[in-house]
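Subject: A structure for you to look at

Hello,

Please open it in your viewer and follow along as you read.

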Amino acid sequence: MSEKNLQLIDVVAAHRRILPFINKTPLLKSQWLSESTQAEVFLKLENVQVTGSFKYRGALNALLWAKEQNIAKLFSATSGNHGLALAEASIHTHSDVTICLPTTAAPGKKQRLKKYSVSVIDHGEDIETCEAFAKRMASQKNAYFLSGYNHPEIVAGAGTVAIEMLAEVPQLTTLVVSCGGGALVGGMALAAKAINPGIKVIGVVAANSPAMLASINAGRIVRSYCEKTIADGIVGNLDEDAITFPLAKELVDDWVSIEESEIRSTIFEYLDNQGMLIEGAAAVAVAALSRKHHRPKVNEKVGVVICGGNIARQDWREVLVQHLVGAGKA
């Protein structure tokens, strides 16, 4: 499979492949968001997926595919969620996986990773430096480099989220999906529009890491300046050959950019209204609705992907302090 022929059938095949190992996560109607938007808003809770993120779908699909191809030794680079997903998936595939992490990765994610039998290497202060190092190491060790987003099997695995959402609520007319490298929004858009060509897909980026949106606006992949963001799961620039870019360019209907203060406030608001703590990358998608950046029609059925729940302890402390200060209680 390559990006040139990635189709719904590949996403369906990925779903069959991973189904015995994943959680079929809930799709729940949100009273809070439904009332505030006057639409019917459904939340796909990938924050309760294995390892706490949708990333497990793509990582597992890719490792099962690699096993079929007799690829046993792999390197990858990650800020956390993709690495946790690979580490868990390697248990089922018995793959030899080395995960490279930037030194700035959340300490909690590092600690969780080191409980697995995968090799972990800290290198570089950002994900791009770390990824370049992982690619060099893979070449030197005669191993396979697996991108966290720029691989057809990763994209197909991520697209399985859309299959489940539309199977449960076929009347969904809009999907709201956060975007970093674009595997989730690209895979979901591919699957959803093959099932229902009239469905709309809204891509949402963090303003501090707008690589995909900047590239869409430029009509080609461009480098974008990335600042620190609490949405660390969607940070970083795109590879020059990113297969997710043409998918996003052709299939995503509209784009929203969320400021850092909005992401932090939404994390607290989601906990307050939904009773669950989510990570910044998930709050980005929620904020598109709660902050009125995207305004659905009255009674429209909208699906929002809660892509992960792995927020760093320090990030949550900062969110809480910000809320207390804003409320005049600190």
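**Helices that meet**

In helix α9, the residues M212, S215 and I216 meet T244, F245, A248 and K249 of helix α10; contact here means heavy atoms within 4.5 Å. Four of the residues in this contact are nonpolar, two are polar and one is charged. For these classes, Ala, Val, Leu, Ile, Met, Phe, Trp, Tyr, Cys and Pro count as nonpolar, Asp, Glu, Lys and Arg as charged, and the others, Gly among them, as polar.

Before we go on, please keep in mind that this is a predicted model: local features need pLDDT of at least 70, side-chain atom pairs count only at pLDDT 80 or more, and totals for chains, interfaces and linings use all residues. Residues are numbered from 1 along each chain as its sequence is written, and side-chain values use heavy atoms, with hydrogens and water left out.

Back to the pair. Helix α9 covers residues 211-218 and helix α10 covers residues 244-251; their axes come within 10 Å and cross at roughly 65 degrees. The axes are lines fitted to C-alpha atoms, for helices over the stretch in contact, and angles run from 0 to 180 degrees between N-to-C directions. Helices (H or I, at least four residues) and strands (E, at least two) are DSSP runs, numbered from the N terminus. The angle makes α9 roughly perpendicular to α10. Angles of 65 to 115 degrees count as roughly perpendicular, under 35 as roughly parallel, over 145 as roughly antiparallel, and the rest as oblique. The crossing of α9 and α10 is right-handed: a crossing has that name if the near helix is turned clockwise from the far one by less than a right angle, and is left-handed if anticlockwise.

Now find helix α3 (residues 55-68) and helix α4 (residues 81-93), which pack with their axes 8 Å apart at an angle of about 40 degrees. That makes α3 oblique to α4, and the crossing of these two is right-handed. On the α3 side the contact is made by K55, Y56, A59, L60, L63, L64 and K67, and on the α4 side by N81, H82, A85, L86, E88, A89, S90, H92 and T93. By class, eight of the residues in the contact of α3 with α4 are nonpolar, five are polar and three are charged.

Helix α3 has another partner. The axis of helix α1 (residues 8-18) comes within 10 Å of that of α3, and the two cross at roughly 90 degrees, so α1 is roughly perpendicular to α3. Here A14, H15, R17 and I18 of α1 meet R57, L60, N61, L64, W65 and E68 of α3.

**A buried helix**

Helix α12 (residues 280-290) has eleven of its eleven residues buried, so it is largely enclosed by the rest of the structure. Buried means under 20% relative accessible area, exposed over 50%, and partly exposed in between (1.4 Å probe, protein chains only). Among the buried residues of α12 are G280, V284 and S290. Just after α12, K292 takes a positive phi of about 65 degrees.

Y149 lies in the loop between β6 (144-145) and α7 (152-168). With 10% relative accessibility, Y149 counts as buried. Leaving out residues up to four places away in sequence, Y149 touches I154, V155, G181, A183, N237, L238, D239, A242 and T244. G186 is 37 residues from Y149 in sequence, and their C-alpha atoms are 9.8 Å apart in space.

E131 sits in helix α6 (residues 127-140) and is buried, with a relative accessible area of 11%. Its contacts, apart from neighbours within four places in sequence, are A77, F145 and D239.

S53 belongs to the loop between β2 (40-45) and α3, and at 1% relative accessibility S53 counts as buried. Not counting residues up to four places away, S53 touches E46, N81, C307, G308 and N310.

**The cysteines**

How many disulfides does a search of the whole structure find? The search finds zero, where a disulfide is a pair of cysteine sulfur atoms within 2.5 Å. For C100, the nearest cysteine sulfur is that of C130, 5.2 Å away. C100 is buried at 0% relative accessibility, and C130 is buried with a relative accessible area of 0%.

Enjoy exploring!
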